[in-house]
Amino acid sequence: MDPVSVANLVVAGVLTGLVYGLMALGLSVIFGVVRVVNFAHGEMMTIAMYAAVVLFAALGLDPFLAIVPVAAAFFVFGYALQAALINPFITRPEHSQFMLLVAVAIIMVNALLMIFGPDARNIQLDYLLESIELGPLLLDRGKLYAAVVACVTAGLLFAFFKFTRTGTAIRACADNHLGARVVGLNVKRYYAFTFGLGAACVAVAGCMMCLLVDVTPVLGPAYTLLAFVIVIVGGLGSMGGALLGGVLIGVSEALAGLFIAPSAKSMFSFALLILVLLFRPQGLLGKRT
Amino acid sequence: MALLEVRDVSKAFRGLRAVTGVSFDVGEGAIVGLIGPNGAGKTTTFNMVAGAFAPDSGEIRFAGRRIDGLRPDQVCAAGIGRTFQIVRPFAGLSVLDNVIVGALERATGVAEARATAAAILEQLGLAAKRALPASALTLPDRKRLEVARALATRPRLLLLDEVMAGLRPTECDQMVAVFREINRRDGLTVLLIEHVMRAVMALAQGIVVLHHGEVIARGAPGEVVRDPAVLECYLGEEAQV
Amino acid sequence: MNRRAGTLLALVAVALLALPAVASSYILSVATLILFFAYAGQAWNVMMGFAGQLSLGHSLYVGVGAYAAAGLFFHYGIGPWAGIWLAIALCVALGAAIGFLAFRFGISGVYFALLTIAFAEFTRIGFDHIAWLGGPGGLFIKVAQREQFDFANLRGPPAMFYYLMLALTAAALALCAWLLRSRAGYYWQAIREDEQAAQALGINTFRWKMLAVVISSAMTAVAGVFFAFYYNTLFPEQIFNISRSIEIILGPVIGGVGTLFGPVLGAAVLTVLADVISEVLAAAGVEIPGVKQVFYGLVLLVVVMFLPHGIWPTVAKKLGLGRQD
């Protein structure tokens, strides 16, 4: 394999990885703040993908534009999910919370299966079919645009947490639950808000992802696992870590697909997860608690 | 050779020196109190004796054998029992089952453990509540359960971490009586951290005072409470005897 | 166990023993499936309900157990009664490895669950690439003729499989009942409640957690062997799938984690209701894939939200069965 082809593959991996990273960012925000294991994360991503596909098929809406309504809808949905279902569960033992979201995930995946059937769907956009030349490299236009959107969204989220009042309040809740309540912050409301934000991230990632892969309902569980692998590898509570983890996974999948076998690419991700859990549980950029 | 020998033990947590060069002995059959203001390093010392973590330097010997660095379960097997500052009952288990867990340490089987557990519950006045779930107990009863459970492991040395906190004076006196009795009858050695001076003065034969992680006084209760260094650390420099 | 519970148990036992004589082969197959999930759920329960370690990758042991026994039979004609030992050995080794890694490195709770998922998924993809075991195309054992009865090789009528599964489930119940009342039971419950407090009482928590993991994986391996010889076809994509792991835990979670009869009751309730739903929908002309799973999800949701201890404790109380574990 010549170096240029490998380089192209790596770049493609980086671009896809950034979209993975955005998905994982949503999970990192949820997990890091609300401390809830969102086992339905990948399923939410898949729903977003289907939303984009349906909007495109029915209204001809470009996925890049669909981001706005889908993200808004997901924010509301995420807020409601946390407020109605999960907030009452915060005091329950960990495995109860886990089971709750597993149940939600099962319902989501199979509802999608019932509505859309198992066959793959995708979106064909003419202007994405061309490639962009960057020196010797050949970049897939769709991947490039998707990656850019992912970075912009991540940047917006980062700015939100750093510079806005609500964002600071949420960070306070994450750092010290009891302390936040003592100073009068309505922690439960902020949890709901955060879940909404995480869901919105997933929505954007989903709209972008359907440009890169075909959509089937069974993607849900796979993406949930992927999101967790990325968050743990990158480091919990670190937004940069989520993106870095995403890129790492994207690149490793591309390379593993090349050097081992395409079907084996996920194996590498799982092996990486196991290694990180054992030797550096705080992840690459995470803080040691 | 004293039963428990703590020699020049130090522990720092990421730059914060919790305990520095602490040494003291606890003789067999004695009741020794470990007192000092909050943050003095009492519970840290306890935790090192109990095996929760190892000291950075120094030695801890129990019956002549070094125990610093052992795991908590190994320390218990060696003959040291402990209670926790914030009680930790097995909430989902019954009172009796809680103590059976402790008794299994020395018993050959569940039947024998059950008998031992029942006897200890009797001793601590919890026999009537044996079938209740531990979560249903009041705080004083939970404290008694904690003690019962630790006693069930048949320790030679019992570490009591602020076991009197939150108890009314009458309840405190009852606990004191129980410990006095076990100490007298079975020769149980006791090292207790306490803030409740009523209990310390009633129980302890010797006192060690910690302040900022160091031993600032030791001796018989009567002497220690008049020691100017001790008064200063508790009451501030303006204090007069 | 009080009088009432004893009588009820005896009645249920008689009914179960007599079932093949009166039931259609369809009902028999449903009953066998219930028993399978009751057994597998019980095996999982040892790790979760007793020792408090949440495993979401138990399909790993079902799969490895199944492939071990099936592989030996397929390639060397070695029967399941011998193959089961390899299955158990492999699964015990795997379980011990996972347990060791997790406990030594202090991985617990959600991270432990993710670790178990990662191992199962890794194996799933791995087995897709093992040509010797059929790869993604699957491994097929020759299906028995209806009249053939070869117990040594587990070739026989559905009733044979039913009784076998019934015996396994009964044995599992007996084993768990015995374990619960033994030192292991007390220590596991202590570890589950508060591991640090347990250590202070002299319990070597690492050793006892490992024991739970090893017993659980060994028991599940047996379920895998049964699976292989009952269904006769194995696909990595199906048997190692995370859906399998979730199916295994549904019974205990709905019935009652940590209880003795919870997994059995949960498996029974879930399978029967799911089947009723399927029948009703099929009769109404609705044949959509995924309906059954949505139903599972809803039941799980309702139980987790409103009956956190599962349905068994409530049922036991209503039936006046006295103090049950």
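Chain C is built from 14 helices and two strands, where helices (H or I, at least four residues) and strands (E, at least two) are DSSP runs numbered from the N terminus. Its radius of gyration is 20 Å, close to the 20 Å that the globule rule gives for 325 residues, so chain C is as compact as a globular protein of that length. That radius is taken over C-alpha atoms, and the globule rule is 2.2 Å times the number of residues to the power 0.38. This is a predicted model, in which local features need pLDDT of at least 70 and side-chain atom pairs count only at pLDDT 80 or more, while totals for chains, interfaces and linings use all residues. Residues are numbered from 1 along each chain as its sequence is written, and chains are lettered from A and ligands numbered from 1 in the order in which they are written.

**Chains C and A on their own**

- The C-alpha trace of chain C spans about 60 × 45 × 40 Å along its principal axes.
- In chain C, 50% of the 325 residues count as buried; a residue is buried if 20 or more other C-beta atoms lie within 10 Å of its own, exposed if 12 or fewer, and partly exposed in between, with C-beta atoms placed from the backbone.
- Of the contacts in chain C between residues at least 6 apart in sequence, 77% join residues at least 24 apart; two residues are in contact if their C-beta atoms, placed from the backbone, lie within 7 Å.
- Chain A has eleven helices and two strands, and they follow the pattern α-α-α-α-β-β-α-α-α-α-α-α-α along the sequence.
- A compact globule of 289 residues would have a radius of gyration near 19 Å, and chain A agrees with its 19 Å.
- The C-alpha atoms of chain A fill a box of roughly 60 × 45 × 35 Å along the principal axes, and 54% of its 289 residues count as buried.
- For chain A, residues 24 or more positions apart account for 80% of the contacts with a separation of 6 or more.

**Where chain C meets its neighbours**

- Chain C places 35 residues in contact with 33 residues of chain A.
- Helix H5 (109–127), helix H11 (242–255) and helix H13 (291–306) of chain C each supply at least two residues of the side that touches chain A, and H5(C) brings the largest share, twelve residues.
- Which classes of residue make up the side of chain C that touches chain A? There are 27 nonpolar, six polar and two charged residues.
- Those classes work like this: Ala, Val, Leu, Ile, Met, Phe, Trp, Tyr, Cys and Pro count as nonpolar, Asp, Glu, Lys and Arg as charged, and the others, Gly among them, as polar.
- Towards chain B, 16 residues of chain C are in contact with 22 residues of chain B.
- Helix H7 (183–193) and helix H8 (195–200) of chain C are the elements that give two or more residues to the side touching chain B, and H7(C) gives the most, with six residues.
- That side of chain C has seven nonpolar, five polar and four charged residues.

**The two domains of chain B**

- Chain B is divided into domain 1 (1–79 + 159–241) and domain 2 (82–154), with bounds that come from an automatic or database domain assignment.
- The centres of domain 1 and domain 2 of chain B, taken over C-alpha atoms, are 24 Å apart.
- Between them, 13 residues of domain 1 of chain B are in contact with eleven residues of domain 2 of chain B.
- On the side of domain 1 of chain B that touches domain 2, helix H1 (42–50), E7 and helix H6 (169–186) of chain B give two or more residues.
- The residues of that side divide into eight nonpolar, two polar and three charged.

**A closer look at helix H4 of chain B**

- The 14 residues of helix H4 (residues 110–123) of chain B should span 20 Å at 1.5 Å a residue, and the end C-alpha atoms are 20 Å apart, which agrees; the expected span is 1.5 Å times one less than the number of residues.
- The buried residues of H4(B) are B:Ala113, B:Thr116, B:Ala117, B:Ile120 and B:Leu121.
- An α-helix has 3.6 residues a turn, so residues three or four places apart point the same way.
- Helix H3 (95–103) and H5 of chain B are included in what covers the buried residues of H4(B).
- After H4(B) comes B:Gly125, whose phi is positive, near 75°.

**Two arginines in loops of chain B**

- B:Arg14 is in the loop between strand E1 (4–13) and strand E2 (16–26) of chain B, and its phi is near 45°, a positive value in a residue other than glycine.
- Is B:Arg14 buried or exposed? B:Arg14 counts as exposed because it has 4 C-beta neighbours inside 10 Å.
- B:Arg154 lies in the loop between helix H5 (139–152) and strand E7 (157–161) of chain B, with a positive phi near 50°.
- B:Arg154 counts as partly exposed because it has 18 C-beta neighbours inside 10 Å.
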